[in-house]
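Subject: Structure handover

Hi,

Here is the model I promised to pass on.

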Amino acid sequence: MVILVGVDGSPTSLRAGAYAAGLARRQRARLVVVYVRPVASLATAMPGAGAAVAASQGEAFDETSDDLRRQVEEQALERGVAATFVARRGDPFSELRRVADEVRAEAVVVGASAKAGHRLVGSVAVRLVRAGKWPVTVVP
């Protein structure tokens, strides 16, 4: 069994990670932890600023993914869970869906969005639930 959890460093995603680790331990499942950084914003399209913005976003991605990877490895060892860390760039919904398909996830766990706009447009969690491919647990 494979349980996939999406993390981005936010409090709700870290709670989702802890919940998924406990679930994986109880189910004797493999845990796949996915960090997705959205692609560069429109600021990269500005003449002269694009390269600098892209470089700083690349450094931020590397720093955040390294920190999250370290946390995942420490917590997996402490809890006795087999865990794999995956870092991707792109649309969070599309990348989580792609990785879930690649690893043949049997369950997906994500944190609830704290952004007010997602109530209107739809959060990653809502989009995953609507996809209907896996049982999705949304952790508050």
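Threonine 12 lies in helix α1 and is buried, with a relative accessible area of 15% (buried means under 20%, exposed over 50%, partly exposed in between, with a 1.4 Å probe and protein chains only).

Before the rest, a word on the source. This is a predicted model, in which local features need pLDDT of at least 70 and side-chain atom pairs count only at pLDDT 80 or more, while totals for chains, interfaces and linings use all residues. Residues are numbered from 1 along each chain as its sequence is written, and side-chain values use heavy atoms, with hydrogens and water left out.

The overall layout

The protein has five helices and five strands, in the order β-α-β-α-β-α-β-α-α-β from the N terminus. Helices (H or I, at least four residues) and strands (E, at least two) are DSSP runs. Of the 140 residues, 37% count as buried.

The sheet

The five strands form an open sheet with parallel pairing, in the order β3-β2-β1-β4-β5; two strands pair if DSSP finds at least two bridges between them. At the edges are β3 (83-89) and β5 (136-139), each pairing on one side only. From one strand to the next, the twist averages 20°. Seven bridges join β2 (residues 30-37) to β3 in the parallel sense, and valine 32 stands opposite threonine 84 in β3.

Two helices pack on this sheet. Helix α1 (residues 11-27) touches β1 (2-7), β2, β4 (107-111) and β5, and its direction makes about 165° with that of β1. Helix α3 touches β1, β2, β3 and β4, at about 155° to the direction of β2. Angles run from 0 to 180 degrees between N-to-C directions, with axes fitted to C-alpha atoms, for helices over the stretch in contact.

Helix against helix

α3 (residues 92-103) also packs with α5 (residues 124-131), at an angle of about 45° and with the axes 9 Å apart. The two are therefore oblique to each other (angles under 35 degrees count as roughly parallel, over 145 as roughly antiparallel, 65 to 115 as roughly perpendicular and the rest as oblique). Pro92, Phe93, Leu96 and Arg97 of α3 meet Val124, Arg127, Leu128 and Ala131 of α5.

Best wishes

How values were computed:
Contact = heavy atoms within 4.5 Å.
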